[in-house]
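Thank you all for making time this morning.

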Amino acid sequence: MQIEDNVALKPYNTFGIEANAKHMATCTSVDDFNELRGWKNFNTSPKLILGGGSNILFTKDYDGLVIKNDFKGIELVEDDGENLVIKAGAGENWHQFVMHCVSNGYAGIENLSLIPGNVGASPMQNIGAYGVEIKDVFHQLTAVDMSSGEEVIFKLDECNFGYRESIFKNTAKDKYIITSVAYRLKRTAQFNTSYGAIEQELENMGVTELSISAISQAVINIRSSKLPDPSKIGNAGSFFKNPVVPVELADKIRKDYPNLASYPIDTAHVKLAAGWLIEQSGWKGKKLGDYGVHDKQALVLVNYGNAKGIDIFDLSEQIKVSVKNKFGVELEREVNII
Ligand code: FAD
Ligand code: EPU
């Protein structure tokens, strides 16, 4: 394990933003991390754990230690023939892990195919897509307390998972490095095609018999058709969360916009589609020099080349103001701003 100085972070974030880390170390094991804890500047340096860098926007250089988490390994830890627990190192690529499960017939995360990033970040914001969230299959995770070096296990009920939320984004923020995550999967699949677009895509694919690999492929097809591929156009997926608002506000908006995209949460609240709000505010496809709003998904801000992180942040601020002025809805950023 080596500590490098003044490291360019562009290859390490899917937005493709130029920024430098004062120090950076790649850890491939808990032993590596413990060695790093012995470094003379460890306690006094600000620290940022980095996975695949697909939910981060660097708005400036990082004046501290970036710890690239590369803990590897996939292990079946329980298997009664039907129910299983599978554990993966935090540095495993998420999509490759999903493909490993799909090809072995382990059901439960096929709807989460093609989400960029690593296993270790999956609990951070309780990743979700196409009707499934990580909390639906989460068993437990192992983490190391950054200050004491002690290994800690977090069970499902200790993570406070919510929509794009967990304890790790709130009270436990920056306190732990997640080293592995274990998920509960099944051999007999409970197919989740509740997201309308999946049914449609399965029909387009000519699928007559449901399988987890067919669902995975349908999700891959849908995602590839509307989300920009970060290897071609820099982005971090949805820049904002879908806002949850009082029913009264949604009803008020619907009077002027009968096609308002919304989903019920409880009797008093609905979730609105932020992409719809941003599109109606005139931002979809807007290009400001090297950056802008994706033309197929207004929730995704993009870097077409050499944009600065701060410019993309400023654009997100302008979008927030215009959605607030037009609809009275406050958007909250999903991406981690550094
Ligand atoms: P990073 O960006 O590296 O880190 C994210 C945060 O987690 C940071 O605060 C970081 O410090 C922290 N962190 C990372 N690893 C660890 C660790 N081991 N221990 C402690 N803290 C850690 N997200 C969804 O939920 N659903 C989607 O459908 C979705 N689609 C996307 C599509 C595209 C094209 C892109 C680019 C992104 C998308 N995302 C989506 C967002 C992103 O893929 C997820 O948030 C993913 O889990 C981030 O993983 P990462 O390893 O890249 O995390
Ligand atoms: N919409 C528009 N205009 C747009 C974009 C969307 O009107 O430019 C409307 C769509 O027509 C649809 C609704 O908004 O009625 C929802 O759109 P979509 O199905 O594309 O999903 P989303 O709500 O925009 C969320 C997640 C995605 C996840 C998809 C699929 C959030 C913040 N985003 O997007 O997650 O992949 O659902 O489940 O919840 C991410 O978190 O980075 C991410 C990509």
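Predicted model: local features only at pLDDT ≥ 70, side-chain atom pairs only at ≥ 80, totals over all residues.

The chain is divided into three parts, with domain 1 covering residues 3–69, domain 2 covering 74–226 and domain 3 covering 234–337. If we take the centres over C-alpha atoms, domain 1 and domain 2 are separated by 25 Å, and the contact between these two domains involves 14 residues of domain 1 and 16 residues of domain 2.

The largest nonpolar core has 45 residues, and the ones with the most contacts inside it are Leu 272, Ile 278, Ile 312, Ile 319 and Val 329. Helix α7, residues 309–327, gives the most to this core, contributing five residues.

To return to the largest core for a moment, Val 329 is one of the residues with the most contacts inside it. If we set aside residues up to four places away in sequence, Val 329 touches Pro 243, Val 245, Leu 249 and Ile 253, and also Leu 272, Leu 277, Val 323 and Lys 324.

Next, the helix pair. Helix α3, residues 196–204, packs against helix α4, residues 212–226, at an angle of about 105 degrees, with the two axes 9 Å apart; α3 and α4 are therefore roughly perpendicular to each other. On the α3 side the contact is made by Ala 197, Ile 198, Glu 201 and Leu 202, while α4 contributes Ala 214, Ile 215, Ala 218, Val 219, Asn 221 and Ile 222.

Finally, consider Asn 13, which is found in the loop between β1 (3–8) and β2 (20–27). Is Asn 13 buried or exposed? Its relative accessibility is 4%, and because buried means under 20%, Asn 13 counts as buried. The side chain of Asn 13 reaches the backbone oxygen of Leu 9 at 2.9 Å, and it also reaches the backbone nitrogen of Ile 17, again at 2.9 Å. Leaving aside neighbours within four places in sequence, Asn 13 is in contact with Gly 53 and Phe 58.

How values were computed:
Residues numbered from 1 in each chain as written. Chains lettered and ligands numbered in written order. Heavy atoms only, no water. Core = buried A, V, L, I, M, F, W, Y, C linked by side-chain atoms within 4.5 Å. Buried < 20%, exposed > 50% of the residue type's maximum accessible area, 1.4 Å probe, protein only. Helix = DSSP H or I, 4+ residues; strand = E, 2+ residues; numbered from the N terminus. Contact = heavy atoms within 4.5 Å. Polar contact = N/O pair within 3.5 Å; in protein donor to acceptor, adjacent residues only side chain to side chain. Axes fitted to C-alpha atoms, helices over the stretch in contact; angles between N-to-C directions. Parallel < 35°, antiparallel > 145°, perpendicular 65-115°, else oblique. Domains from an automatic or database assignment.
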